[in-house]
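Reader: Please take a close look at the chain-to-chain relations in this model, and then follow them into the build of a single chain. A plain account will do.

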Protein chains: 4
Amino acid sequence: MPIDLSYPSEVQSLADRTRTFIRDQVLPVEDAHDGDITAAGGEKLRVELQQAARDAGVFAPHAPLEYGGHGLNMSDRAPVFEEAGYSLFGPTALNIAAPDEGNVHMLAHIADPEQKQQFLAPLARGEVRSAFAMTEPAPGAGSDPSALSTRAVRADGGWRINGHKWFITGADGAGFFIIMARTSGEPGQRGGATMFLAPADGPGIRVGRHLDTLDKSMIGGHCEVFFDDLLVPESAVLGEVDRGFEYAQVRLGPARMTHVMRWLGAARRGHDVAVAHVAHREGFGSRLGDLGMVQKMIADNEIDIAATRALLTRACWELDRGEPAANATSIAKTYAAEAIFRIVDRSMQMCGGLGVSADLPLARLSREVRPFRIYDGPSEVHRWAIAKRAVSAAKRAKRDSE
Amino acid sequence: MPIDLSYPSEVQSLADRTRTFIRDQVLPVEDAHDGDITAAGGEKLRVELQQAARDAGVFAPHAPLEYGGHGLNMSDRAPVFEEAGYSLFGPTALNIAAPDEGNVHMLAHIADPEQKQQFLAPLARGEVRSAFAMTEPAPGAGSDPSALSTRAVRADGGWRINGHKWFITGADGAGFFIIMARTSGEPGQRGGATMFLAPADGPGIRVGRHLDTLDKSMIGGHCEVFFDDLLVPESAVLGEVDRGFEYAQVRLGPARMTHVMRWLGAARRGHDVAVAHVAHREGFGSRLGDLGMVQKMIADNEIDIAATRALLTRACWELDRGEPAANATSIAKTYAAEAIFRIVDRSMQMCGGLGVSADLPLARLSREVRPFRIYDGPSEVHRWAIAKRAVSAAKRAKRDSE
Amino acid sequence: MPIDLSYPSEVQSLADRTRTFIRDQVLPVEDAHDGDITAAGGEKLRVELQQAARDAGVFAPHAPLEYGGHGLNMSDRAPVFEEAGYSLFGPTALNIAAPDEGNVHMLAHIADPEQKQQFLAPLARGEVRSAFAMTEPAPGAGSDPSALSTRAVRADGGWRINGHKWFITGADGAGFFIIMARTSGEPGQRGGATMFLAPADGPGIRVGRHLDTLDKSMIGGHCEVFFDDLLVPESAVLGEVDRGFEYAQVRLGPARMTHVMRWLGAARRGHDVAVAHVAHREGFGSRLGDLGMVQKMIADNEIDIAATRALLTRACWELDRGEPAANATSIAKTYAAEAIFRIVDRSMQMCGGLGVSADLPLARLSREVRPFRIYDGPSEVHRWAIAKRAVSAAKRAKRDSE
Amino acid sequence: MPIDLSYPSEVQSLADRTRTFIRDQVLPVEDAHDGDITAAGGEKLRVELQQAARDAGVFAPHAPLEYGGHGLNMSDRAPVFEEAGYSLFGPTALNIAAPDEGNVHMLAHIADPEQKQQFLAPLARGEVRSAFAMTEPAPGAGSDPSALSTRAVRADGGWRINGHKWFITGADGAGFFIIMARTSGEPGQRGGATMFLAPADGPGIRVGRHLDTLDKSMIGGHCEVFFDDLLVPESAVLGEVDRGFEYAQVRLGPARMTHVMRWLGAARRGHDVAVAHVAHREGFGSRLGDLGMVQKMIADNEIDIAATRALLTRACWELDRGEPAANATSIAKTYAAEAIFRIVDRSMQMCGGLGVSADLPLARLSREVRPFRIYDGPSEVHRWAIAKRAVSAAKRAKRDSE
């Protein structure tokens with residue numbers, strides 16, 4: 001069978017409906033917030049937008065059918081999530097914002113039936129939000145997850161968890177946490193992590209300050225979270241003990257790719273705004289869009305959009321085949337994070353003073369997309385991993401040929 | 001006499017004192033504002049910081065001696081302004097923030113004695129602030145100044161001015177305006193502009209909304225300003241009628257360079273913060289600062305800082321010789337604006353999640369420096385001017401050789 | 001049906017056989033030429049290598065089945081051509097070098113049965129080579145084809161052609177020419193071109209000097225060609241009169257993509273050589289391949305390879321669906337030409353002094369790939385076309401919404 | 001005294017005379033070689049061109065007055081060497097090509113009176129050429145000089161040298177060698193090197209093959225050199241035993257900068273050729289030089305030229321003050337090598353197909369300048385050194401503040 005890059009018609013139709021929904025019902029709301037995109041408008045707006053998305057038949061494209069979703073695989077999420085990302089409020093409206101979307105993905109793969117009932121079902125339906133508590137301040141787990149320092153030790157009928165997390169997206173207002181804690185080994189060792197599920201209202205969990213980051217649109221912010229003698233029952237263990245790093249990989253590859261999908265939509269909006277601007281604005285005796293240096297920026301944006309999409313298509317296809325796709329997702333994430341930043345940056349530049357003002361959405365987009373070069377693995381860490389694989393392959397090839 | 005790049009000892013001493021002043025008295029205040037650098041802390045803080053600068057003997061390095069300044073030429077301003085720019089509040093403290101600093105420079109060159117008494121003296125002493133009202137919304141004077149649309153027509157004993165300006169830095173709270181208005185010719189024609197001096201409290205001047213830009217630190221913001229039948233006397237004309245574009249050049253070259261000096265200081269702070277971070281933080285079994293990809297970012301920052309400084313030195317030297325230095329200042333401004341952005345961007349990247357949070361000053365620096373690639377002439381407009389000169393020179397050379 | 005990026009098994013098998021053939025039978029020959037890759041070893045070697053390719057069952061993957069080829073569509077050519085391009089002599093060995101490969105493609109689409117018999121059949125079988133005579137010296141057809149100046153005027157029973165071409169790849173030794181000549185209109189007008197088929201040995205065709213270009217490996221060189229009252233019969237017209245520009249498009253999109261495939265193979269070889277080098281060489285107390293700045297170059301190469309391949313996949317799929325794919329091929333070509341150059345350039349850099357010597361193939365690869373940023377449309381011309389489409393679309397979108 | 005960037009009038013005059021000499025007497029010879037710039041035309045041409053330079057009063061600008069030179073310091077060499085570098089044959093004509101120029105510089109600083117008489121005097125006068133034998137194949141001294149493996153051991157009345165060098169510029173035909181050999185310690189240790197002076201015709205020295213590098217213009221090539229029991233007397237020691245690495249630094253900083261000067265001249269020629277081309281060539285209904293994407297390339301070239309010159313000025317000034325200037329020369333070299341490459345690369349691109357042909361000098365310039373990113377320390381090694389200094393300074397600063 002020949003190579004086929006066309007989407008199934010029901011997927012294309014869902015993407016088209018999402019485009020219409022975003023344009024007609026979400027962008028006007030975002031723009032009415034007049035540049036204040038903090039927490040995507042907050043909890044009340046989340047509920048309203050999600051109801052609108054349900055009414056439009058575009059809610060939860062990623063969630064399993066039994067939980068009211070559309071059950072899309074990774075490949076098919078790409079065009080739909082990109083349309084949703086066209087508005088900074090779009091992912092929340094469709095219930096596909098980080099980290100909930102990735103948590104749904106992981107719970108669907110790993111949780112046991114009761115856990116699914118208790119945690120996955122309400123999350124997929126948008127009744128609660130969630131948080132994934134992994135990152136820690138130095139010298140704990142940052143770019144290097146093996147430094148994990150939060151500890152879970154066996155206690156009567158369960159586990160006692162102590163640790164300090166930060167940059168925990170969505171923590172403020174989350175209904176439950178997925179907690180990564182060390183159950184064996186020492187910080188610096190690769191194994192020994194376990195994931196735990198814990199309702200947010202239990203004693204022993206405290207959500208601290210919001211890290212005041214360049215990006216503002218994530219509902220629930222990026223927070224510090226403290227676990228002080230948090231007691232969880234045995235049934236809180238997600239999957240098996242000591243396999244937490246392994247499960248994190250199940251979440252990580254797809255989560256990277258859905259980030260790319262959403263931010264690509266945001267970048268495309270920036271580009272569209274800029275091209276519309278220069279297509280009509282005059283200067284230096286010419287339409288701006290006919291000036292060569294502006295044309296160069298437009299073309300470079302088009303190239304960056306196309307390459308991001310193409311790399312994404314590839315990585316999603318590998319994931320859908322059941323491959324870990326660690327290299328393909330690292331490549332796509334690294335390229336995309338930098339390309340998306342460039343696209344928005346050029347779009348600002350094309351619009352001159354207006355571009356850096358709140359009269360256009362470009363300045364706020366520029367703040368939202370910058371951290372993606374750091375979140376989900378800084379570009380440098382991905383490059384390091386990509387290179388290590390290439391060098392190892394070269395060594396193997398040499399050994400094999402000897 | 002051989003080439004000499006050393007600063008006179010009194011200049012070096014002033015730069016050193018400025019460094020100490022900024023470190024001991026200004027940075028603590030900036031940091032105490034906890035990331036809110038809006039309007040450099042506001043008017044009350046301006047007065048306090050400027051008194052502290054007077055006490056430290058570093059106030060008004062650029063102003064003529066007779067107005068209490070240090071009377072530095074462009075070359076000697078470079079190291080002092082760079083030190084001042086190390087804090088976002090520093091230029092205000094020394095009374096060398098835009099647009100006041102450029103206005104002092106221009107008034108010292110062009111104003112008549114009474115105008116100097118009325119406008120320059122209090123401005124140089126920090127008693128009032130000022131604004132330079134030139135930029136207009138489309139289709140008026142933006143990147144292309146010849147599109148100037150604000151009109152001044154002769155009226156009884158003076159001039160009547162009508163027009164709409166925006167992106168007028170410092171307008172909110174300014175004591176007076178320097179207004180660029182068309183006194184002859186039509187929008188699109190190169191000549192016909194005149195500069196007028198007008199107190200801000202006169203009828204006919206209205207400061208509108210703040211453009212809500214990515215940068216926040218400019219005291220008085222970037223505002224819309226409306227002139228509705230503003231009447232000014234004949235004595236309000238700065239220099240001569242119809243020579244406004246020419247005078248703007250007097251202001252423009254130096255103002256570009258002092259922008260570079262200040263932002264270079266800000267970039268150097270970002271770099272210092274990042275290097276201090278990676279010099280002590282560990283990860284991946286190594287100090288971050290010993291990892292090759294981090295070293296690359298550090299070295300590229302050092303190269304960008306050195307090249308910016310070197311181009312600045314050249315352009316200032318040409319200006320001090322009395323040359324228009326249009327090419328040298330375009331080259332230095334274009335390189336610097338892009339280099340400064342890269343320096344801060346890499347500094348953020350080196351610090352990971354912390355870099356995009358308010359726990360370090362990098363995210364706010366990144367917002368402040370981005371617009372400089374647009375303000376004072378977008379990079380594209382400077383490149384266009386640089387290229388046009390090169391092509392014209394090539395044509396002349398060919399004609400001469402024939 | 002879901003998105004599918006896997007190749008049919010017979011295509012994968014052909015790609016694998018090609019890889020083995022290149023490694024075992026072509027690379028040793030290329031390396032034995034000790035850096036002299038002029039004209040891919042010349043005519044005698046061409047015949048030998050093509051026989052070997054026939055014996056290995058990898059000859060003419062692109063040619064129609066009836067002419068002894070494998071009849072691959074564009075998508076399926078990608079992996080096979082990339083393997084062939086791994087050696088600079090590989091495309092000649094498989095009979096898929098430019099311009100023959102593109103000429104086969106076009107003749108298969110446009111030629112009439114007799115023309116196919118006379119020209120396509122021997123070309124597809126490797127019995128002759130061909131040239132595509134389109135580019136002219138200024139002020140004729142260069143990057144801007146509408147400047148076409150070579151003229152064909154009706155003469156007794158046919159056409160008389162006069163004109164001057166250059167950069168005609170493969171001209172020296174070609175068996176026949178496809179000549180683009182103006183049959184109506186004036187230089188600067190978009191229509192009016194016709195293609196003619198002419199045996200190379202007729203009076204009126206003269207192959208002039210070789211342009212001595214940076215690249216050396218093309219058999220038959222890049223030559224000047226002069227048509228002085230060349231008489232061709234009516235049957236020499238390829239397709240219809242005045243539709244030449246249209247047919248050129250039939251050739252152009254696919255030819256751009258097969259160029260990308262071949263050069264991507266060359267770039268991959270460069271990368272492999274460099275990674276093998278740094279995987280084993282030590283310096284600064286470490287294996288070079290473990291140094292961060294080297295890892296960055298390796299990872300950037302991997303990203304560039306992956307993105308080139310992904311954009312190629314997309315463009316080929318559009319071509320195979322029968323779309324003109326003008327935008328997709330422009331995007332893929334522009335990205336690829338620059339990426340391939342970067343890959344080889346980084347590979348040289350990784351190998352230090354050896355990298356720029358003939359002890360490794362990198363320096364010669366760097367010379368071969370550089371012109372691709374100019375040949376087949378300079379990057380600037382493609383960007384211009386990409387931007388024009390984007391701006392036009394923005395204008396249409398605005399009109400439609402009004 | 002204020003900052004002064006003007007050259008003394010006699011230096012400016014020498015630079016002007018050099019410009020005229022190159023334009024009138026050297027470029028015609030280079031162009032007559034029709035693209036074959038191998039070894040700058042060879043030995044016979046060297047003698048002729050050097051006589052012409054003497055007649056024009058521009059010979060040996062760097063050499064001490066007592067040896068017939070102009071005795072310029074580093075700052076003043078910059079404009080003169082840049083003019084000489086405008087032709088690939090220019091440095092040879094003025095006797096300031098590598099490695100002779102650097103060897104003159106070092107011998108003038110370190111040699112004793114007899115050594116000066118025997119080696120420096122004829123070298124400065126252009127009677128012989130020389131070579132600096134330092135680089136070794138792996139695992140010897142490459143980018144990391146401490147790996148030095150060539151050994152000198154005491155023998156009757158002198159030293160016996162054994163070792164294998166390569167990439168020894170100018171070796172073929174050199175009159176004498178300056179040999180870096182290890183006299184104590186082991187490869188990998190930082191000290192223990194000594195420099196020896198040895199006539200080329202002695203037994204025990206063998207010049208092997210030329211490394212066939214991308215660049216071709218160096219007279220005497222880049223060769224392998226073998227020392228097999230080479231015996232030299234005690235008087236062959238240059239300076240003191242075991243201080244060779246220290247002396248190498250004396251040579252290295254200035255040699256890097258004179259490389260930059262010469263290649264900057266070559267880059268400027270490339271730029272001039274390209275600008276002249278686009279200033280007169282038409283396409284797409286416009287002069288090429290008026291198209292925005294071409295203007296961007298022109299402007300970027302102008303910026304790169306200006307920044308290279310400015311960094312060079314700074315580094316030379318530090319050297320002239322007697323500072324080691326290790327950081328300033330690393331920064332200037334790294335920036336310059338990459339900028340010069342970009343300038344020539346853009347110049348090629350501006351000229352399209354002609355740019356990569358031998359009809360313009362751009363393709364050959366592109367081959368000459370590429371290796372400079374590797375020779376004299378690859379960019380990566382310089383960046384590593386720059387970063388290490390910055391990180392060390394940050395650590396010191398922290399310690400001092402505690």
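Author: Chain C can be superposed on chain B by a rotation of 180° with 0.0 Å of shift along its axis, at an RMSD of 0.0 Å. This is therefore the relation of a two-fold axis. In chain C, the C-alpha nearest that axis belongs to C:Gly292, at 1.8 Å from it. The superposition is by least squares on the C-alpha atoms of residues with pLDDT of at least 70 in both copies. The model is a predicted one, in which local features need pLDDT of at least 70 and side-chain atom pairs count only at pLDDT 80 or more, while totals for chains, interfaces and linings use all residues. Residues are numbered from 1 along each chain as its sequence is written, and chains are lettered from A and ligands numbered from 1 in the order in which they are written.

The contact of these two chains takes 5 residues from chain C and 5 residues from chain B, where contact is taken to be C-beta atoms, placed from the backbone, that lie within 7 Å. The side of chain C that touches chain B has 2 nonpolar, 2 polar and 1 charged residues. Here Ala, Val, Leu, Ile, Met, Phe, Trp, Tyr, Cys and Pro are nonpolar, Asp, Glu, Lys and Arg are charged, and the others, Gly among them, are polar.

Chain C also goes onto chain A, by a turn of 180° and a shift of 0.0 Å along the axis, with an RMSD of 0.0 Å. The same surface serves both of these copies, since 100% of the contact residues of chain C recur in chain A. Between chain C and chain A, 37 residues of chain C are in contact with 37 residues of chain A. Two or more residues each come to the chain C side from helix H7 (244-280), helix H8 (292-320), helix H9 (326-350) and helix H12 (379-401) of chain C. H8(C) gives the most to this side, with 13 residues. By class, the side of chain C that touches chain A has 25 nonpolar, 5 polar and 7 charged residues. Helices (H or I, at least four residues) and strands (E, at least two) are DSSP runs numbered from the N terminus.

Within chain A there is a division into domain 1 (9-97), domain 2 (130-242) and domain 3 (245-401), with bounds from an automatic or database domain assignment. The centres of domain 1 and domain 3 of chain A, taken over C-alpha atoms, are separated by 21 Å. Contact between them involves 16 residues of domain 1 of chain A and 20 residues of domain 3 of chain A. On the domain 1 side, helix H3 (residues 74-85) of chain A gives the most, with 9 residues. That side has 9 nonpolar, 4 polar and 3 charged residues.

UniProt places "domain: Acyl-CoA oxidase/dehydrogenase middle" (unreviewed entry) at residues 131-229 of chain A. That stretch of chain A is 0% helix and 48% strand, with its end C-alpha atoms 19 Å apart. The UniProt annotation "domain: Acyl-CoA dehydrogenase/oxidase C-terminal" (unreviewed entry) covers residues 242-390 of chain A. Over those residues chain A is 77% helix and 3% strand, and the end C-alpha atoms are 29 Å apart. UniProt positions follow the numbering used here, feature names are shortened, and annotations may be inferred rather than shown by experiment.

Helix H5 (residues 100-110) of chain A packs on helix H7 (residues 244-280) of chain A at an angle of about 140°, with the axes 9 Å apart. Axes are lines fitted to C-alpha atoms, for helices over the stretch in contact, and angles run from 0 to 180 degrees between N-to-C directions. H5(A) contributes A:Glu101, A:Gly102, A:His105, A:Met106, A:His109 and A:Ile110, and H7(A) contributes A:Tyr247, A:Val250, A:Arg251, A:Pro254, A:Ala255 and A:Thr258. The residues of this contact are 6 nonpolar, 4 polar and 2 charged.

Some backbone details remain. The peptide bond from A:Ala98 to A:Pro99 is cis, with omega near 0°, and A:Pro99 is in the loop between helix H4 (90-94) and H5 of chain A. Another cis peptide bond joins A:Ala138 and A:Pro139, with omega about 10°. A:Pro139 is in the loop between strand S1 (130-133) and strand S2 (151-155) of chain A. In chain B, B:Asp229 has a positive phi of about 50° although it is not a glycine, and B:Asp229 is found in strand S7 (residues 222-233) of chain B.
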